[in-house]
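Please walk me through this protein structure.

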Amino acid sequence: MPNPYLPLNEYIPDGEPRVFGDRVYIYGSHDSASSDKFCDHKLKVWSAGVDDLNNWVCHGDSFHTLDDEDHKSDTDWTSAENDLYAPDVVEKNGKYYLYAYIMGAKGCVAVADRPEGPFKLLSQYVYDIPNHYDNGIFIDPGVLVDDDGRVYLYCGYQGSYMVELKDNMYECINDTYMTDIIPVEQPFNFFEACSLRKVGDTYYMIYSPCRNVLPNEGGGSRLCYATSDSPRGPFTYRGTIIDNGVDYPGGNNHGSICKIKDQWYIFYHKMTNGTIMSRRACVEKIEILPDGTIPQVEMTSLGFEKALNPYKATPAEIACVMTGGAIVTEKDVFTRVVTCINDGSVLGYKYFEFGEDNSSETMEFAVKITGLGMKGIVEIRIDDRNSEPIGICKTGTADGVYRTRVKCVTGYHAVYLTIKRDFGGWFVDMVKNRTVFDMESFIFIK
């Protein structure tokens, strides 16, 4: 599956990837299309075989803080105000432990016999820590079961802390409590989203920093990392892994790294609907170099694919570049389009494999749009959004499929579509704020 790698009507942000046995599981929050708030009262689990990463299976709901049609709440101290945010799951001694962040309420730990759950309440956190950072909420829990069996819990929002857990997996060893495990000061600029992984003998803390230079000025669109030779630090700042706000409507970010067979990945999310509250799960390949560094990667449309197929219809919504005010919006469970496309908006898709063709000089490009009464132009470019177009497609005022001939392309390339109004004359300023069209999909044809 390309990015987003789950079904396109599914909104799973804050994903913690875990490999258990021969499957990789994603544990995240649950958003909704066009939502005016983060998350809801349930957690869902998806998984895929490590040899079949393009076929994700939904295991249904795994935990609740409010009754619904099919489930009773798993927590008796929560109400409609207590949504479920950003969980984590680890395995120890054949049991699977869910660490639930409940907005505005005491956090808890649940347990299951299977990685997909459903999880049953084990306990609220038990601790005796004066002036505990968030009064027992345990925000954004990230959990590490170390090689020696010791268990460490990392949390925080606008400040971080950690504590070791007892063998029962929910009771804190109070004298191990430490704050500022990742500093809010530069260069760390910690904001939220702790996620610890161990690679060899090195501990990697994945987290989201503040967007601005000064601490605590709002969440960031990046996932950064710091490393240590101890789970208790001190940690050294190493850099950014990915930024979901580069040439794209950015927002917050939350995710982690995961090794699936011989390949490392960074799991993250990106925005839809022009808000930071309707987020979908994405993934990119990464490399951990011999010196332990992780070079920053770009957002792509690839997901788990090696390349996109230009000769199959490409949904407009999988763009990894989206500028000029354009956003993805969901009309219904079957239909999502790129809307708010203004004069000069650019949509980018990375990467297509066009194959080899030594016989043709041209091929066809077709785009499917929802017309909005405005004539438009689509300039098609390869690799560089500022290069000469390989073709130009004119679109009309009505819904439909519009086609044109373009230069034949071979090999592996990014595709950029620059949309412009086809409107001139004395009154051009009167339409300067009008959306050109809504875009559904496009295809190359030979």
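The paragraphs below go from the strands to the aromatic rings, then to the cysteines and the core.

This is a predicted model: local features need pLDDT of at least 70, side-chain atom pairs count only at pLDDT 80 or more, and totals for chains, interfaces and linings use all residues. Residues are numbered from 1 along each chain as its sequence is written, and side-chain values use heavy atoms, with hydrogens and water left out.

Start with a sheet. Strands β9, β10, β11 and β12 form an open sheet in that order, with antiparallel pairing. Helices (H or I, at least four residues) and strands (E, at least two) are DSSP runs, numbered from the N terminus. Two strands pair if DSSP finds at least two bridges between them. Strands of a sheet pair through backbone hydrogen bonds, either parallel or antiparallel. Which strands stand at the edges? They are β9 and β12; each has a single partner strand, so one side of each is left without a neighbour in the sheet. Inside the sheet, β10 (residues 151-156) and β11 (residues 160-165) pair in the antiparallel sense over six bridges. V151 has L165 in β11 as its bridge partner.

Now turn to strand β4, which spans residues 52-64. D52 is found in this strand. D52 is partly exposed, with a relative accessible area of 37%. The cut-offs are these: buried means under 20% relative accessible area, exposed over 50%, and partly exposed in between (1.4 Å probe, protein chains only). D52 and V24 are 28 residues apart in sequence, and their C-alpha atoms are 9.9 Å apart in space. S62 is also found in β4. At 4% relative accessibility, S62 counts as buried. Leaving aside neighbours within four places in sequence, S62 is in contact (heavy atoms within 4.5 Å) with L43, K44, V45, E116, P118 and F119.

Next come the rings. Rings of Phe, Tyr and Trp (its six-membered ring) pair if their centres lie within 6.5 Å; planes under 30 degrees apart count as stacked, over 60 as edge-to-face and the rest as tilted. By this rule there are 31 aromatic pairs. Take Y127 and F138: their ring centres are 5.7 Å apart and their planes stand at 75°, so the pair is edge-to-face. Both residues lie in the loop between β8 (120-124) and β9 (142-145), so the pair ties together parts that are eleven residues apart in sequence. Y127 is partly exposed at 24%, whereas F138 is buried at 0%. F188 and Y237 form another edge-to-face pair, with 5.9 Å centre to centre and 75° between the planes. This pair links distant parts of the chain: F188 is in the loop between β12 (178-179) and β13 (190-199), and Y237 is in strand β16 (residues 236-243), 49 residues apart. Ring pairs also link Y99, Y125, Y127, Y133, F138, Y161 and Y177 into a cluster.

What about the cysteines? A disulfide is a covalent bond between the sulfur atoms of two cysteines. Here it is a pair of cysteine sulfur atoms within 2.5 Å, and the count comes to zero. C282 is in no disulfide; the nearest cysteine sulfur, that of C320, is 9.6 Å away. That distance is too far for a bond. C282 is buried at 0%, and C320 is buried at 2%.

Finish in the core. A nonpolar core is a set of buried Ala, Val, Leu, Ile, Met, Phe, Trp, Tyr and Cys residues joined through side-chain atoms within 4.5 Å. The largest holds 60 residues, of which Y349, F365, L417, M439 and F444 touch the most other members. Beyond neighbours within four places in sequence, the contacts of L417 include V346, L347, Y349, F365 and M439.
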